[in-house]
Amino acid sequence: MTTIILFKIFGLYFLVIGLAFLLNPVRVRNVYKLMLENDALLYLGGVVALLLGATVISLHNIWVVGLPVIITIIGWLSLAKGMALVTCSKFAQCFSFMYEKSDLFFRIMGFVIFVFGLFLT
């Protein structure tokens, strides 16, 4: 039951994020740029990712061959991202290329994220 609920939650999350990338690539690029320039926003993002990852792993740390492992991987990736953002301010600089990309890059990423959200829901 937990797996289905988490699939729906993450599915809706990825659908909305994918739509944001598709419909508003300039805004998304500006947000990434502002976050990279503001340590407080990076730290806050890291804390949120850390909390989300820890919650998912605590509720759903299932390593089986099959669909439930997708949720577990999302949780571990979120935990790792959160730890990196909170403990290492230079980690985010690895993603500075994102705000230099064209609208097409963000639209393609948005499409991929949206399709992943459809799959999860």
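**Figure 1. Leu67 in the loop between α3 and α4 of the predicted model.** At a relative accessibility of 48%, Leu67 counts as partly exposed, in a model that is predicted. The loop that holds Leu67 runs between α3 (39-59) and α4. Leaving out residues up to four places away in sequence, Leu67 touches Phe7 and Phe119. Ile17 and Leu67 are 50 residues apart in sequence, and their C-alpha atoms are 22 Å apart in space.

**Figure 2. The pair Phe116 and Phe119 in helix α5.** Both Phe116 and Phe119 lie in α5, three residues apart, which is about one turn of the helix. Are their rings stacked or edge-to-face? The ring centres are 6.4 Å apart and the planes stand at 25°; planes under 30 degrees apart count as stacked, so Phe116 and Phe119 form a stacked pair. Phe116 is partly exposed, with a relative accessible area of 29%. Phe119 also counts as partly exposed, at 47% relative accessibility.

**Figure 3. The loop residue Ser102.** Ser102 is found in the loop between α4 and α5. With a relative accessible area of 43%, Ser102 is partly exposed.

**Figure 4. Where helix α2 meets helix α5.** Helix α2 (residues 25-37) packs against helix α5 (residues 103-120) at an angle of about 95°, and the two axes are 9 Å apart. Angles of 65 to 115 degrees count as roughly perpendicular, so α2 is roughly perpendicular to α5. Which residues make the contact? On the side of α2 they are Pro25, Val26, Val28, Arg29 and Tyr32. On the side of α5 they are Asp103, Phe106 and Arg107. Sorted by class, the contact of α2 with α5 has five nonpolar and three charged residues, and no polar ones.

**Figure 5. The largest nonpolar core.** How many residues does the largest nonpolar core have? The core has 12 residues. Among them are Leu6, Phe7, Phe10, Phe14, Phe21 and Val28. The core also includes Val56, Ile71, Ile74, Phe106, Ile113 and Leu120. At least two residues of this core come from each of α1 (2-23), α4 (68-87) and α5. Helix α1 gives the most, with five residues. In soluble globular proteins, nonpolar side chains tend to be buried together.

**Figure 6. The surroundings of Phe21.** Phe21 is one of the residues of the largest nonpolar core. Not counting residues up to four places away in sequence, Phe21 touches Val28 and Tyr32, as well as Phe106, Arg107, Met109, Gly110 and Ile113. Among these, Val28 and Tyr32 also take part in the contact of α2 with α5, on the α2 side. Phe106 and Arg107 take part in that contact on the α5 side. Val28, Phe106 and Ile113 are listed with Phe21 in the core.

**Figure 7. Leu19 in helix α1.** Leu19 lies in α1. Its relative accessible area of 37% makes Leu19 partly exposed. Beyond residues up to four places away in sequence, Leu19 touches Asn24 and Phe114. The C-alpha atoms of Leu19 and Val69 are separated by 25 Å, and the two residues are 50 residues apart along the chain.

**Figure 8. Gly53 in helix α3.** Gly53 is found in α3. Is Gly53 buried or exposed? At 0% relative accessibility, Gly53 counts as buried, since buried means under 20% relative accessible area. With neighbours within four places in sequence left aside, Gly53 is in contact with Gly75, Ser78 and Leu79. Gly53 and Leu79 are 26 residues apart in sequence, and their C-alpha atoms are 4.2 Å apart in space.

Note on methods:
Residues numbered from 1 in each chain as written. Predicted model: local features only at pLDDT ≥ 70, side-chain atom pairs only at ≥ 80, totals over all residues. Heavy atoms only, no water. Axes fitted to C-alpha atoms, helices over the stretch in contact; angles between N-to-C directions. Helix = DSSP H or I, 4+ residues; strand = E, 2+ residues; numbered from the N terminus. Parallel < 35°, antiparallel > 145°, perpendicular 65-115°, else oblique. Contact = heavy atoms within 4.5 Å. Nonpolar A, V, L, I, M, F, W, Y, C, P; charged D, E, K, R; others polar. Core = buried A, V, L, I, M, F, W, Y, C linked by side-chain atoms within 4.5 Å. Buried < 20%, exposed > 50% of the residue type's maximum accessible area, 1.4 Å probe, protein only. Phe/Tyr/Trp six-rings, centres within 6.5 Å; stacked < 30°, edge-to-face > 60°.
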